[in-house]
Amino acid sequence: SAVELGPYQHYMQKEIFEQPRAIASTLEGVTAIMPELFGDGAFKVFKQIDSVLILACGTSYYAGLTAKYWIESIAKIPVNVEIASEYRYRDSVPNPNSLVVTITQSGETADTLAALKHARALGMQHTLTICNVATSAMVRECALAYITRAGVEVGVASTKAFTTQLVALFLLTLALAQSKGRLSDEAEAAHLKAVRHLPAALQSVLALEPHIVAWAEAFARKENALFLGRGIHYPIALEGALKLKEITYIHAEAYAAGELKHGPLALVTEEMPVVTVAPNDTLIEKLKSNMQEVRARGGQLYVFADADSHIRSSDGVHVIRLPENYGVLSPILHVVPLQLLAYHTALARGTDVDKPRNLAKSVTVE
Ligand code: G6P
């Protein structure tokens with residue numbers, strides 16, 4: 001193969017471990033926040049737009065869902081995130097002042113390209129893509145672009161493309177905020193410092209692998225799993241469940257933890273592992289009560305906490321603690337152990353990790 005595996009058993013594992021470098025490359029040359037990072041004329045466009053419409057499929061769609069939390073809270077611009085295959089076929093209300101953002105690793109996904117063209121046909125001319133392939137159809141089609149530098153991604157289940165998309169979307173958030181006069185110099189400096197720390201932070205998260213291997217043994221025997229998150233970590237729970245489905249064939253569902261009592265709680269028994277993304281943010285106390293609801297029904301909790309979460313392992317509560325509290329960038333770190341959990345569970349089940357059944361790396365036909 002053109003891309004060598006080196007010491008790794010699978011491309012997916014290699015790509016998970018390449019994330020610190022992929023993020024560093026994606027940030028190369030970014031010494032300050034400026035709209036022009038996204039192309040010539042971006043400032044004029046960013047000043048003009050009054051909303052953002054994100055279009056994507058699969059893992060890229062979950063990157064978009066995450067970005068909604070950042071853009072609305074930091075840049076204060078309303079964001080809609082739509083599944084490309086839905087958007088292209090429904091009657092929607094176009095807003096010509098909206099910035100249309102497509103997110104796509106390959107730049108060739110048929111539904112995402114069609115959704116972009118649909119938006120344009122409806123009169124939306126401000127287009128931007130976050131894409132990993134500079135020569136792709138999507139980059140040619142969009143007026144503005146940020147090229148992620150994840151490098152070639154071979155594993156069908158996306159990993160490093162996702163985290164680099166998140167980095168690019170965070171930069172977009174800051175550039176939008178700046179264009180609207182909502183980013184102080186101090187805030188810019190603090191955010192840039194945090195972003196530059198990501199590769200090192202990721203390295204320490206990857207060091208948790210042995211602990212995750214131990215959990216994977218238990219997961220390999222399950223046929224169902226629930227993933228819970230709240231706020232900006234809800235999309236991360238969705239992505240964790242997708243990873244598990246894609247490569248282990250275990251039925252996994254993710255819920256915003258507050259929705260637990262509106263249905264999925266009925267599924268919780270001693271047999272149900274419940275993966276909880278639980279960094280210490282403003283929702284942690286709410287999340288802890290959701291966790292108690294699970295424990296009260298005998299559910300086994302597998303919790304990814306952080307340095308500040310104050311959640312201890314106890315009967316039926318298994319905790320892996322990430323080394324730091326990563327603040328607003330926490331989703332980029334918290335998805336990594338979920339990738340590793342899916343990977344090691346797939347290894348234990350003996351599935352074809354890099355080429356899961358029925359799936360394609362890039363879906364270029366409808
Ligand atoms: C396929 C891949 C996914 C990917 C999705 C969107 O389903 O298996 O990993 O997230 O397409 O691909 P894109 O290239 O548009 O990001």
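Student: What makes S1 and S2 count as pairing?

Tutor: Two strands pair if DSSP finds at least two bridges between them. S1 and S2 have 5 bridges, in the parallel sense, so they qualify. Within this pairing, Ala 56 stands opposite Ile 83 in S2. Please note that this is a predicted model: local features need pLDDT of at least 70, side-chain atom pairs count only at pLDDT 80 or more, and totals for chains, interfaces and linings use all residues. Residues are numbered from 1 along each chain as its sequence is written.

Student: And what makes something a strand or a helix here?

Tutor: Both are DSSP runs numbered from the N terminus: helices are H or I with at least four residues, strands are E with at least two. Strand S1, for example, covers residues 51-56 and holds Val 52.

Student: Which strands are called the edge strands of the sheet?

Tutor: The open sheet has 5 strands in the order S2-S1-S3-S4-S5, with parallel pairing. Strand S2 (79-83) and strand S5 (144-147) each pair on one side only, and these are its edges. From one strand to the next, the twist averages 20°.

Student: Why is Val 52 called buried?

Tutor: A residue is buried if 20 or more other C-beta atoms, placed from the backbone, lie within 10 Å of its own, exposed if 12 or fewer, and partly exposed in between. Val 52 has 26 within 10 Å, so it is buried.

Student: Which residues is Val 52 in contact with, beyond its neighbours within four places in sequence?

Tutor: Contact means that the C-beta atoms, placed from the backbone, lie within 7 Å. By that test the partners of Val 52 include Ile 71, Ile 77 and Val 79, and also Ser 98, Leu 99 and Val 101. The C-alpha atoms of Val 52 and Asn 80 are separated by 6.3 Å, although these residues are 28 apart along the chain.

Student: How do you know that the buried residues of helix H11 are on the same side?

Tutor: In H11 (residues 209-219), the buried ones are Ile 212, Ala 216 and Phe 219. The arc, taken over the directions from the helix axis to the C-beta atoms, is only 55°, which puts them on the same side. Pro 210, Ala 214 and Glu 217 are exposed on the other side of H11.

Student: What covers the buried residues of H11?

Tutor: The cover includes strands S6 (224-229), S8 (273-278) and S10 (317-321), together with helix H14 (330-349).

Terms used:
Contact = placed C-beta atoms within 7 Å. Axes fitted to C-alpha atoms, helices over the stretch in contact; angles between N-to-C directions.
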